[in-house]
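Open the model in your viewer and keep the selection panel at hand.

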Amino acid sequence: MASTWVDGFGRQIDYVRISVTDRCDFRCIYCMAEDMTFLPRQQVLTLEEIYRSAQLFVANGVRKIRLTGGEPLVRKGIVELCAQISTLPGLDELVMTTNGSQLTRHARGLAEAGVRRLNISLDTLDAERFRAMTRVGDLQQVLAGIDAAQQAGFASVKINSVIIRGRNDDEIQRLTEFAIQRGLDITFIEEMPLGHVGRSREQALFRSDQIQSLLEQRYRLAPSVETTGGPARYVRLEEHPQTRVGFISPHSNNFCSSCNRVRLTSEGRLLLCLGNEHDLDMRALLRRHPLDDQPLIDAVRNALQYKPERHEFSADGEVQILRFMNASGG
Ligand code: SAM
Ligand code: SF4
């Protein structure tokens, strides 16, 4: 029988998110501070170490891998890494989350390398606001990236929007319209208090149920039991059945009881929960045991017994986790 990983609460872990770099060409206001120090290169997992980790995960029951970051497409060799991981026997799907800035160059290569689905982050359709929210990004470049992704032949392309009160909560319907016109799914995400980003998050929370109420003013929403294997809960728009709207609601709808995932950070920490600091130093094990996987397999199995039951984000948005999202593999 194929091996599987089960945590101390009986949850089967079959999904790993891997942050392939902590670097990024954007500086989104909810993700990073303006002035970031990135990891020295020798502290970041090499592509070979990432591939070996992926092999080991899949051999032990992981069925889905998401590559993320930082911005995964700024990592040199990323397309070749995708081609290697996507063909691992036993993996159901390799997917990626990207800010879309490099997709005009890479979309086709990624699809050919076996990346099945793409999530592209887009929080606003206003160019000036886009620049303000990403601090450096160019909206047109990302829209062109979305075009390129839609032409490249992925099984699905989805938009991710983090909604922040007073910043972009007035664009929820506009973003949904954009998704409808493009035939895309869209997921709205509540901001998570990871790292000190140089502004207060206290008043920023715009809850998923508030987003849903806004959408109900314009569309008829039908509940859906569909899942893409992650934390999002979906509704369908009755008038636009080709578009699903998802909600990731770490504050208002705790999803921990069905958690099926762990994260490998760019420096090789296996994070057992996004909202806690419990981890395993995979990098040390990978480097100490270059030819023998068994000590790593045993260490992961043991570490999973310490996967916390739930995240500890407080409702007031206060930061308890000092690591930033780009380092966590969001
Ligand atoms: N750079 C890529 C991107 O932006 O899509 C991938 C990495 S980014 C960390 C992954 C996702 O996390 C993005 O959809 C981003 O909007 C989201 N994100 C970043 N910081 C967040 C926060 N503090 N709360 C909620 N979502 C966050
Ligand atoms: Fe970069 Fe993504 Fe973080 Fe924005 S959310 S700063 S694009 S890693």
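Select α1 and α2 first: these two helices run roughly parallel to each other, because their axes cross at roughly 20° and angles under 35 degrees count as roughly parallel. Bear in mind that this is a predicted model.

To find the pair, pick residues 47–59 for α1 and residues 78–86 for α2. Their axes come within 10 Å. Now check the hand of the crossing: α1 passes α2 in a right-handed sense.

Next, select ligand 1 and show its surroundings. How many residues surround ligand 1? There are 19, and the closest are Y30, G70, E71, S121 and M192.

- G70: a backbone N or O atom lies 3.0 Å from a nitrogen atom of ligand 1.
- E71: here the side chain takes part, with an N or O atom 3.1 Å from a nitrogen atom of the ligand.
- S121: a polar side-chain atom sits 2.6 Å from an oxygen atom of ligand 1.

Then colour by secondary structure. Which elements give two or more residues to the shell around ligand 1? They are β3 (93–98), β5 (156–163) and β6 (185–190).

Last, colour the shell by residue class. Six of its residues are nonpolar, nine are polar and four are charged.

Note on methods. Residues are numbered from 1 along each chain as its sequence is written. Chains are lettered from A and ligands numbered from 1 in the order in which they are written. This is a predicted model: local features need pLDDT of at least 70, side-chain atom pairs count only at pLDDT 80 or more; totals for chains, interfaces and linings use all residues. Side-chain values use heavy atoms; hydrogens and water are left out. A residue is near a molecule or strand if one of its heavy atoms lies within 4 Å of it. A polar contact is a pair of N or O atoms within 3.5 Å; within protein, one must be able to donate a hydrogen and the other to accept it, and residues adjacent in sequence count only if both atoms are side-chain atoms. Helices (H or I, at least four residues) and strands (E, at least two) are DSSP runs, numbered from the N terminus. Ala, Val, Leu, Ile, Met, Phe, Trp, Tyr, Cys and Pro count as nonpolar, Asp, Glu, Lys and Arg as charged, and the others, Gly among them, as polar. Axes are lines fitted to C-alpha atoms, for helices over the stretch in contact, and angles run from 0 to 180 degrees between N-to-C directions. Angles under 35 degrees count as roughly parallel, over 145 as roughly antiparallel, 65 to 115 as roughly perpendicular and the rest as oblique. A crossing is left-handed if the near helix is turned anticlockwise from the far one by less than a right angle, and right-handed if clockwise.
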